[in-house]
2 protein chains.
Amino acid sequence: MSKEESERFLETAAVGRLGVFDGEPYVVPVNFVYREGKVWFHCACEGRKIQAILKDPRVCFEVDDFLGLKEGARPCSFGAYFRSVVAYGVARIIGEIPRKREAMKMLMAKYAGDKEWFFEDAELERVAVVEITVTTMTGKSRLP
Amino acid sequence: MSKEESERFLETAAVGRLGVFDGEPYVVPVNFVYREGKVWFHCACEGRKIQAILKDPRVCFEVDDFLGLKEGARPCSFGAYFRSVVAYGVARIIGEIPRKREAMKMLMAKYAGDKEWFFEDAELERVAVVEITVTTMTGKSRLP
């Protein structure tokens, strides 16, 4: 897929998988928002995602869509129709309340619609917001 | 989720994500089959998955299902309905042709139906089959 197609898929996919290294590989699904080279998601302030990112901020971020089975004459000509993007980047935990608010508003707009979402400071302090700056991405597809 | 529920989800999910460490975290979607504590998938004989597993066979394997949005009175009471399983295990590349054939038959049965699939030795030599022995798994869900 072209960079534009990969980015469009990242913008619309409902679930992404964060891959980190925390002494062993760890993969975890998250709801997220992608815009202009950055991924944002939120999570609990303590937990394995945060712990791993603090140790090593290099992350992988993956989205995919399984579009069905490509059949063939022989088993070896079977395959999957799919789209996927694998992105690499550097994660940081956002501390600044205005930037957390902006990220949470983008998340709400993606999943719940573009309304005037309001967040109290105290609500924002209770969650962690992670921002991944994507450095490279590879999009692949085999379409029906 | 209970171990039984997590295993049932692993048995039926169409796509799993392999997480490995190859100098940096790498997450890649695969079609796979799960049975009795083991995951099998196939891939090209050369490539990043194989290279990473040869360096460090400890892997993470993830499946998820996004079931929609849980709405709430405040943004903070929104959430996702989902199911997910995160498994950890040790991967090995299967060399023995009979075991590769058995794994490929299970894969075909899962995706294309339980027929008498036949594989030539030469066909099996052209693909790599990876077997993950799962050591632990955690299943989570929030159902509508």
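Author: Helices (H or I, at least four residues) and strands (E, at least two) are DSSP runs, numbered from the N terminus. This is a predicted model, in which local features need pLDDT of at least 70, side-chain atom pairs count only at pLDDT 80 or more, and totals for chains, interfaces and linings use all residues. Residues are numbered from 1 along each chain as its sequence is written, chains are lettered from A and ligands numbered from 1 in the order in which they are written, and side-chain values use heavy atoms, with hydrogens and water left out.

Reader: Which pattern does chain A follow along the sequence?

Author: The C-alpha trace of chain A spans about 60 × 40 × 20 Å along its principal axes. Chain A has four helices and seven strands. Read along the sequence, their pattern is α-β-β-β-β-α-β-β-α-α-β.

Reader: Which residues does Ala112(A) contact, leaving aside its neighbours within four places in sequence?

Author: Ala112(A) has its place in helix H3 of chain A. With a relative accessible area of 23%, Ala112(A) is partly exposed, a class that lies between buried (under 20% relative accessible area) and exposed (over 50%), as found with a 1.4 Å probe on protein chains only. Contact means heavy atoms within 4.5 Å. Apart from those neighbours, the contacts of Ala112(A) are Trp117(A), Leu69(B) and Phe78(B).

Reader: Within what arc do the buried residues of H1(A) fall, seen down its axis?

Author: Helix H1 (residues 3-12) of chain A has as its buried residues Ser6(A), Glu7(A), Phe9(A) and Leu10(A). These buried residues line one face of the helix, because their arc is limited; the arc is that of the directions from the helix axis to the C-beta atoms. The elements of chain A that they pack against include strand S3 (33-35) and helix H3 (97-112). Seen down the axis of H1(A), the arc that holds them is one of 160 degrees.

Reader: How many bridges join strand S6 of chain B to S7(B)?

Author: Two strands pair if DSSP finds at least two bridges between them. Strand S7 (residues 127-142) of chain B pairs in the antiparallel sense with strand S4 (residues 38-44) of chain B over seven bridges, and there Lys38(B) has Thr133(B) as its bridge partner. S7(B) also runs antiparallel to strand S6 (residues 79-94) of chain B, with Met137(B) of S7(B) standing opposite Ala87(B). The bridges joining S6 of chain B to S7(B) number 13.

Reader: What rotation superposes chain B on chain A?

Author: Two copies of a chain are related by a rotation about an axis and a shift along it. Copies are superposed by least squares on the C-alpha atoms of residues with pLDDT of at least 70 in both. Here the shift along the axis is 0.0 Å and the RMSD is 0.0 Å, with a rotation of 180 degrees. That is the relation of a two-fold axis.

Reader: Which residues of chain B lose the most area to chain A?

Author: In the contact between the chains, 37 residues of chain B meet 37 residues of chain A. Together the chains bury about 3200 Å², 69% of it on carbon and sulfur atoms; buried area is the accessible area (1.4 Å probe) that two parts lose on being put together, summed over both. Three residues of chain B account together for 18% of what that side buries, and they are Pro25(B), Val27(B) and Tyr88(B).

Reader: How far apart in sequence are the parts that Asp22(A) and Lys55(A) tie together?

Author: The side chains of Asp22(A) and Lys55(A) meet in a salt bridge of 2.7 Å, N to O, the term being used for a side-chain nitrogen of Lys or Arg within 4 Å of a carboxyl oxygen of Asp or Glu. Asp22(A) is buried, at a relative accessible area of 8%, whereas Lys55(A) is exposed, at 57%. Asp22(A) lies in the loop between strand S1 (16-21) and strand S2 (25-30) of chain A and Lys55(A) in helix H2 (residues 48-55) of chain A, so the pair ties together parts whose separation in sequence is 33 residues.

Reader: How many salt bridges are there between chain B and chain A?

Author: One of them joins Arg74(B) to Glu123(A) at 2.6 Å, N to O, and Glu123(B) meets Arg74(A) at 2.7 Å. Another pairs Glu62(A) with Arg17(B), the closest N and O atoms being 3.9 Å apart, and both of these residues are buried. Glu62(A) and Arg17(B) also belong to a network of salt bridges with Arg17(A), Asp64(A), Glu62(B) and Asp64(B). Over all chains the structure holds 34 salt bridges, and between chain B and chain A the count is six.
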